[in-house]
Amino acid sequence: MANSTNPYRPATHASQPAQPRSNITDDYERWYTEATPNNRMLLSLRSGIDGEITWALDRLCRLCNNEQFVLKAIPGLTDALFEWPDWYVSEGARECAQPAALFALPPELERKRRHAFESLFVLRNAAVNDPNALELAGHRRTRSLILLALHTLKPDSDANTEFVLYIVELLQAIASTLVLPPPNAPALANPLPPLCEIAGSTSNRTLILSTLSTLNFVLSTPLNMVHLREDSPALEASIRYLPLFLDKTLVDASLNYLYTHLSYPPMSKAFLLHPKMPATLKVLVSLILSEQVEETVSLAIGGPVYTAPAQVVYIKDHELTKEELDRLLPIPEPQRCYEWMSVMFVPKADGQLTQVDFWNLYKDAFQPFVDHYMLSGASEVIKNVNVVFPQAQAMVLPGPPQKFIVRGVDRRKEKSAGDPFRCLWDRSQCPAEPFASAGELYEHVLQQHVDASDGSAMSCLWATCAHPSLPKAHVRGHVLTHLPSAQPPARDASQPDTITLPAQDFPHPTSNPTARPPPPPRSATLTYKRPLVDPPSSSLTALLCLRVLFRSSFASSDAAPRVDEDHFGFPGVVEDTEELDGVVETRTGSESEKEGERRGRKAFVGVRHMLEEVRIRDEVLMGWIMEMVDAGISGTTC
């Protein structure tokens, strides 16, 4: 035994390959989900023991959220899940309602109600997966539970509201396979009336969304459209919640139901007689406009623009030029005074000057030359005014204080297109550039010319000024008499700083600017807005609702367009045949239909201005908008 290599206990069986484990969805033992009639969860549901039932429903509530959970994999599970919801609908809701008005439910009754809610919760979650939805759609107890719950339970309490919500969502899951009974069938066989009533009366947002979506799914089946009613409470609810643009989910549900309702031709015609139809059209267009995203595009469509600086014309009092002064000096008095007045003044009925100003103007002009030429006195100058201007009159205005004036004359004015604030020192030879204001010009004269000169006295060298030498302190005040006092005229905010010329080499300025050929537009730019992105699904649904109502409103006034890629699939479209090609088929209709069409056309005329603001990138959809705008102008679709 010492040299033996065998282990203490030799193996008696060969190793086997590992067996694949089943997919365990909630990390519990796999036999809980085994597809056998003696499945522990199924047995627990049927045991009648509250603890076992609670344990099984707790596990099923977690399992049903997994897409691998299939009801028919466990035989008998679907029937077991229906037992508690059936009990609640048939008698449990009534039993729970009596004590719940004042007191809490007894523990036993509370446990039963909880079992019913959890069982229905499992069925509702499982129905989200297609295999389970098909299983429940074909089960004999599904439709009876839904019909009985919708017709007997009212969502007037939290418990009933939750239960009805699960029922509605279960119906929504199987709606694609649901065909409603004929309209003449018993009322209890049709789930639509209670659904519409709930949608129109409840204030629970979740229940509103669920009922509108379920109605949309059920009525999307063509065979079920005959159950639509023009006075449906669900229609009123969808119209009522449509303006809540901030609640996108609720607006989408309302729009989808409204489009489903209007897609049935009798309902679209009946809606034209609805009192809220015009307001609904405005809300639909407003929704499209609110979700519209645009960008501004500028396109230059003109040629080059040639400009020249604009010249501002200033009006100022006339001052004696050097040539005029040289001409007047040798003339003997009083003839010189007459000539001077003719140069400096003009007749003006409402004009007036003080006699002091009148005399100072004369004295300042000729006082510097008194040594060679005689100077008239002040009284003689004032009297000479009547000789030159017979309508003028020297007078005294009563005071106090008295004012001595000459009325009937005014200073001669002259226009100047140059720079008003240019320095004219050194007999107009100063090289400084024009200044922006009289203050800047005055500072320049003082610093560069007056203060910079030597000596305590100096002569004024402004243009043709002949004033004798003065002390510097007096020169500072004398300079102010030469500075322009008038400010430049105010320019309009829209007036540019340049002038547009007809051509590049066109002369400017001209003596007669009104005879200048008209220049090209200064701003030849075309600015417009265009959509930046495609409209969202809610806007497209709103546009489809508008399109349906538009075709119904104008169905009898014009021939409907032929079926093509632009118009396929809408009510009112007639297809051309070989026998009737080119023939317009006129619809007579009843009086109510004619009245509806008249109201519809009037409503589209009322929203025409709003539709003109809609812009969509797709040419076909934009063509629909333009067709509605044109019809709003002419009242027809031609």
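Reply: Happy to! Buried means under 20% relative accessible area, exposed over 50%, and partly exposed in between, with a 1.4 Å probe and protein chains only. This is a predicted model, where local features need pLDDT of at least 70 and side-chain atom pairs count only at pLDDT 80 or more, while totals for chains, interfaces and linings use all residues. Residues are numbered from 1 along each chain as its sequence is written, and side-chain values use heavy atoms, leaving out hydrogens and water.

Me: What percentage of the 638 residues in the protein do buried residues make up?
Reply: Let me start with the overall fold: the protein has 25 helices and eleven strands. Helices (H or I, at least four residues) and strands (E, at least two) are DSSP runs, numbered from the N terminus. Of the 638 residues, the buried share is 38%.

Me: What share of the contacts with a separation of 6 or more comes from residues 24 or more positions apart?
Reply: A contact here means heavy atoms within 4.5 Å. Among contacts in the protein with a separation of 6 or more, residues 24 or more positions apart account for 69%.

Me: How many aromatic pairs are there?
Reply: Rings of Phe, Tyr and Trp (its six-membered ring) pair if their centres lie within 6.5 Å; planes under 30 degrees apart are stacked, over 60 edge-to-face, and the rest tilted. By this rule the count is 15.

Me: Which helices hold Tyr 88 and Phe 163?
Reply: These two rings make a tilted pair, 4.8 Å centre to centre with 35 degrees between the planes. The pair links distant parts of the chain, 75 residues apart. Tyr 88 is buried at a relative accessible area of 1%, and Phe 163 is buried at 0%. Tyr 88 sits in helix H3 (residues 77-100) and Phe 163 in helix H7 (residues 158-173).

Me: Where does Arg 40 lie?
Reply: A charge sits over a ring if NZ of Lys or CZ of Arg is within 6 Å of the ring centre and within 35 degrees of the ring normal. Arg 40 lies at 4.4 Å from a ring centre, over the face of Trp 55.

Me: Which helices do the buried residues of H8 pack against?
Reply: Helix H8 covers residues 192-201, and its buried residues include Leu 192, Leu 195 and Ile 198. The buried residues of H8 pack against helix H6 (142-152), H7, helix H9 (205-219) and helix H10 (233-241).

Me: How far apart are the end C-alpha atoms of helix H13?
Reply: The expected span of a helix is 1.5 Å times one less than its number of residues. Helix H13 (residues 277-290) has 14 residues, so it should span 20 Å, and the model agrees. The end C-alpha atoms are apart by 20 Å.

Me: How far is Cys 61 from the nearest cysteine sulfur?
Reply: A disulfide is a pair of cysteine sulfur atoms within 2.5 Å, and the structure holds zero of them. Cys 61 is in no disulfide; the nearest cysteine sulfur is that of Cys 64, at 5.7 Å.
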